[in-house]
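Student: I have just opened this entry. Can you walk me through some of its local features?

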Amino acid sequence: MSLRVAVVGLGWAARTIWLPRLAAHPDMTVTAVVDPSPAAREAFADSTGVRVLSDALELSPDLVDLAIVAVPNHAHSSVAAALLRRGIPVFLEKPVCLSHEEADELARAEQEGGAVLIAGSAARCRTDIRALRQLVEAVGEVRHLRLAWVRANGVPGTDWFTRRSEAGGGVLLDLGWHLLDTALFLLGPLSFDQVVATTTYDFVNRRASQAAWREEDPKPAGGDAADVEDTARAFLVTDSGVSVSLLTSWASHATHDRTTVEVHGSAGTAVLGCTFGFSPNRLGGSSLTFTQDGKITPVSVDEEPVGAEYDRQIDALAGLPADQAQRGEAVAAARRTIDVITRIYESAARAADSRKPEEVPA
């Protein structure tokens, strides 16, 4: 039986990632799309007979079995919670929430509506990340995890993405959420005793640093300046002594986009080099190695097309909305992630305050 799906939000993610994959899937049927913008609704209605709505509250369990929520960050939790309370299971794009309060609201909505919240987790659906996970036991006691996702020119071109009032934050909430979810997938839940971080804003207002491949209209000249970070650097230490270094950059002085995940242990080191996401500015496929006692051993990783991890997420959705065992899992993971992100931002703010010149008494 085909799963009836609604897509809430008709931005880049919906148009480029979700709608084409849903349309091509034999077990999925898009029965409705939702967007408050008349222009977005009109553009979609011109090319399809799918029901087009202006408000997510027009959806009901009679119309859909699942809603994919891909709206701007500030509306993620409110839209998802409203649908959950109507008894509609929700697949929610990252970031799942922007605060602990939003996580609490999602948990209440899940319980009150009896529907399941499913969180987008693209990285853990990648073949190379799954191959890396299989090497974690071989490294012995894990001592350090290094996570880096650095783009050459990849600042999102949509205005809301670089406004804190609508995005909640910058690259840390965007790319950093994926990296922290990767850490959770590789090592399980981590509790951090120490967090030291800094954020910078060198590229976010440079037009040349925008992600042209996002197929969005460029930001208008003379528009509001972006007020979110384009780079975040953090060093974290768990209560058991495992250290984690995190680097996320929307733009840099690099020539290509690159993602690196390293797991260092008492018995060896596993290193994955690849490129997360859809940017065409990448160098080949994935490279995975295991190093022990000075010997580097290449590990075979099956090549796959860009975006295959999203195909796998769609494949996995069929049985998840009815799986009550999933209830609470997405919120629990989101609480851990938003806690780390909040502490990184707090540390960066303290560091910035400490660099400000002291006021000289009159």
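**Loops, a helix pair and a cis bond**

Tutor: Start with a loop residue. Aspartate 293 has a relative accessible area of 81%, so aspartate 293 is exposed. Keep in mind that this is a predicted model.

Student: Which loop holds aspartate 293?

Tutor: Look past the end of strand S13, which covers 287-292. Strand S14 then covers 295-299. Aspartate 293 sits in the loop between S13 and S14.

Student: What is phi of aspartate 293?

Tutor: Most residues other than glycine have a negative phi. Aspartate 293 is not glycine, yet its phi is positive. The value is near 50°.

Student: Is histidine 25 buried or exposed?

Tutor: Histidine 25 lies in the loop between helix H1 (12-24) and strand S2 (28-34). Buried means under 20% relative accessible area. Histidine 25 has 14% relative accessibility, so histidine 25 counts as buried.

Student: How do the directions of helix H3 and helix H4 compare?

Tutor: H3 spans residues 76-85 and H4 spans residues 100-113. Their axes come within 7 Å and cross at roughly 15°. Angles under 35 degrees count as roughly parallel. That makes H3, relative to H4, roughly parallel.

Student: How many nonpolar, polar and charged residues does the contact of H3 with H4 have?

Tutor: H3 contributes Ser77, Ala80, Ala81, Leu84 and Arg85. H4 contributes Glu102, Glu105, Leu106, Arg108, Ala109, Glu110, Glu112 and Gly113. By class, the contact has five nonpolar, two polar and six charged residues.

Student: What kind of peptide bond joins lysine 94 and proline 95?

Tutor: Find proline 95 in the loop between strand S5 (90-92) and H4. Most peptide bonds are trans. Between lysine 94 and proline 95, however, omega is about -10°. The bond is cis.

Student: How far apart in space are alanine 208 and alanine 251, C-alpha to C-alpha?

Tutor: Alanine 208 lies in the loop between strand S8 (192-200) and strand S9 (231-238). At 65% relative accessibility, alanine 208 counts as exposed. Alanine 208 and alanine 251 are 43 residues apart in sequence. In space, C-alpha to C-alpha, they are apart by 9.7 Å.

Conventions. Residues numbered from 1 in each chain as written. Predicted model: local features only at pLDDT ≥ 70, side-chain atom pairs only at ≥ 80, totals over all residues. Heavy atoms only, no water. Axes fitted to C-alpha atoms, helices over the stretch in contact; angles between N-to-C directions. Helix = DSSP H or I, 4+ residues; strand = E, 2+ residues; numbered from the N terminus. Parallel < 35°, antiparallel > 145°, perpendicular 65-115°, else oblique. Contact = heavy atoms within 4.5 Å. Nonpolar A, V, L, I, M, F, W, Y, C, P; charged D, E, K, R; others polar. Buried < 20%, exposed > 50% of the residue type's maximum accessible area, 1.4 Å probe, protein only.
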